[in-house]
Amino acid sequence: MTAASLRVEVAEQARAVAAAWSPAGAPASWWLTAETFTAIAEEPVLLDLAVEVPTERLPPLLLSAAITRLVAELRPEPLADWYPRPGGPQPPHDDQFRPALCAFATAERAALRRLCAEHRYQMNEVGRCLDVLPALALVSAGDPRPLALVDLGTGAGLGLHLDRYRYDYALPDGGHLVTGTASSTVSLSCDVRAGRPPVGPHPPSIGSRVGVDSEPLDLTDPATSAWLAACVPPEAGAVTRFAAAAAVAAEHPVRTVRGDVVDVLRDTVAELPGDELLCLVDTYVHVFLPPPELARFVALVDEIGRERDLDWISVDPLVPLGPHATGTVQDL
């Protein structure tokens with residue numbers, strides 16, 4: 001790939017992410033995330049940094065996380081004022097954000113390069129549980145057994161605690177469907193476009209839970225926790241949800257398996273109780289798997305499903321990431 005074509009590819013990836021954060025009717029609090037990725041696509045100083053990152057490490061996402069991490073550490077003025085803090089409001093849109101971002105990237109090129117070299121992007125958006133819970137409810141409705149929940153690409157394991165969160169689905173008729181743990185410090189909400197999510201008053205029963213990741217993350221380590229917080233989009237609701245969910249995960253440690261999902265999945269599920277219903281969940285994982293690896297993963301799930309009862313829930317925005325995606329759950 002030529003240098004010119006690489007720049008085009010990375011810029012298109014950034015624009016695809018920006019588009020996902022700026023659809024018609026998008027909440028006002030999404031502006032900072034959309035503007036950050038648009039700037040990565042359009043501003044030379046940012047695009048120069050992004051194209052230095054290997055494409056398989058999703059350069060726009062990794063650079064965005066590195067920027068957020070360094071802003072949190074250095075608190076540069078006025079740039080830091082546009083980044084929300086847990087429990088706080090979303091600072092309003094300001095046309096001066098992009099010039100300040102470019103000036104910061106210019107001054108901190110070396111530090112941003114270092115962060116991109118030392119880390120990989122690890123998105124831990126606990127809000128995804130709003131999508132997963134109805135699917136788990138459907139699974140449980142057809143089988144009384146407790147679930148053996150396997151979270152693939154688990155990162156910090158926030159998805160393994162979805163029965164410990166409170167959920168509020170705003171229905172099209174103006175009503176609300178509330179479920180989960182009423183006293184939870186993690187409160188998740190969304191608008192339902194049509195129909196009614198098939199969830200009951202209580203989450204499905206989970207018997208066993210295990211996470212699989214190439215690099216499982218320990219939230220009790222301050223440096224790890226700080227990096228994970230930087231991977232969260234700079235949106236007030238997202239950073240608040242992450243902080244609350246991280247506290248829950250730290251309070252309830254669960255088993256994690258380190259390794260490539262295709263290499264370790266079979267042995268991982270073999271250790272789970274046979275009287276529990278195996279349920280595999282992956283959210284925003286396929287963007288990290290090259291097509292041959294994804295094909296191997298799908299074939300492996302099919303093999304395991306012929307050996308024991310298995311349900312598989314998968315949520316991905318764009319596969320592969322960028323304008324040429326062949327699969328997506330966006331606008332589902």
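Helices H1 and H4 are roughly perpendicular to each other, a label given to angles of 65 to 115 degrees, while under 35 degrees counts as roughly parallel, over 145 as roughly antiparallel and the rest as oblique. Two packed helices are described by the angle between their axes and the distance between the axes. For helix H1 (residues 3-20) and H4, the angle is about 70° and the axes are 8 Å apart. Axes here are lines fitted to C-alpha atoms, for helices over the stretch in contact, and angles run from 0 to 180 degrees between N-to-C directions.

This is a predicted model, in which local features need pLDDT of at least 70, side-chain atom pairs count only at pLDDT 80 or more, and totals for chains, interfaces and linings use all residues. Residues are numbered from 1 along each chain as its sequence is written, and side-chain values use heavy atoms, with hydrogens and water left out.

**Helices and their contacts**

Helices (H or I, at least four residues) and strands (E, at least two) are DSSP runs, numbered from the N terminus. Which residues bring H1 and H4 together? On the H1 side they are Val10, Gln13, Ala14 and Val17, and on the H4 side Pro59, Pro60 and Leu61; contact means heavy atoms within 4.5 Å. By class, this contact has 6 nonpolar, 1 polar and no charged residues. In that scheme, Ala, Val, Leu, Ile, Met, Phe, Trp, Tyr, Cys and Pro are nonpolar, Asp, Glu, Lys and Arg are charged, and the others, Gly among them, are polar.

Now look at helix H5 (residues 97-107), where Phe97, Arg98, Ala100, Leu101, Cys102, Phe104 and Ala105 are buried. Buried means under 20% relative accessible area, exposed over 50%, and partly exposed in between (1.4 Å probe, protein chains only). The cover over these H5 residues includes helix H2 (31-42), helix H3 (44-51), helix H4 (59-74) and helix H6 (109-118).

Helix H8 (residues 222-231) holds Ser225. With a relative accessible area of 21%, Ser225 is partly exposed. Leaving aside neighbours within four places in sequence, Ser225 is in contact with Leu219 and Phe242. Ser225 and Ala156 are 69 residues apart along the chain, and their C-alpha atoms are separated by 8.8 Å.

**Cysteines**

How many disulfides are there? The count is 0, where a disulfide is a pair of cysteine sulfur atoms within 2.5 Å. Cys102 is in no disulfide, and the nearest cysteine sulfur, in Cys116, is 15 Å away. For Cys279, the closest cysteine sulfur is that of Cys129, at 12 Å, which is too far for a bond. Is Cys279 buried or exposed? Cys279 is buried, at 0% relative accessibility, and Cys102 is buried as well, with a relative accessible area of 12%.

**Two sheets**

Strands of a sheet pair through backbone hydrogen bonds, either parallel or antiparallel. Two strands pair if DSSP finds at least two bridges between them.

E2 and E3 form a hairpin with 5 residues between them, and Gly174 in the turn has a positive phi of about 95°. Strand E2 is mostly covered, with 4 of its 5 residues buried.

The other open sheet has 5 strands in the order E6-E5-E1-E7-E8, with parallel pairing. Its edge strands, strand E6 (255-258) and strand E8 (310-315), each pair on one side only. Neighbouring strands of this sheet are turned by 20° against each other on average, direction ignored.

Here are some strand pairs with an example of facing residues:

| Strand pair | Sense and bridges | Example of partners |
|---|---|---|
| E2 (residues 166-170) and E3 | antiparallel, 5 bridges | Tyr167 and Thr179 |
| E1 (residues 147-152) and E7 (residues 277-283) | parallel, 6 bridges | Leu147 and Leu277 |
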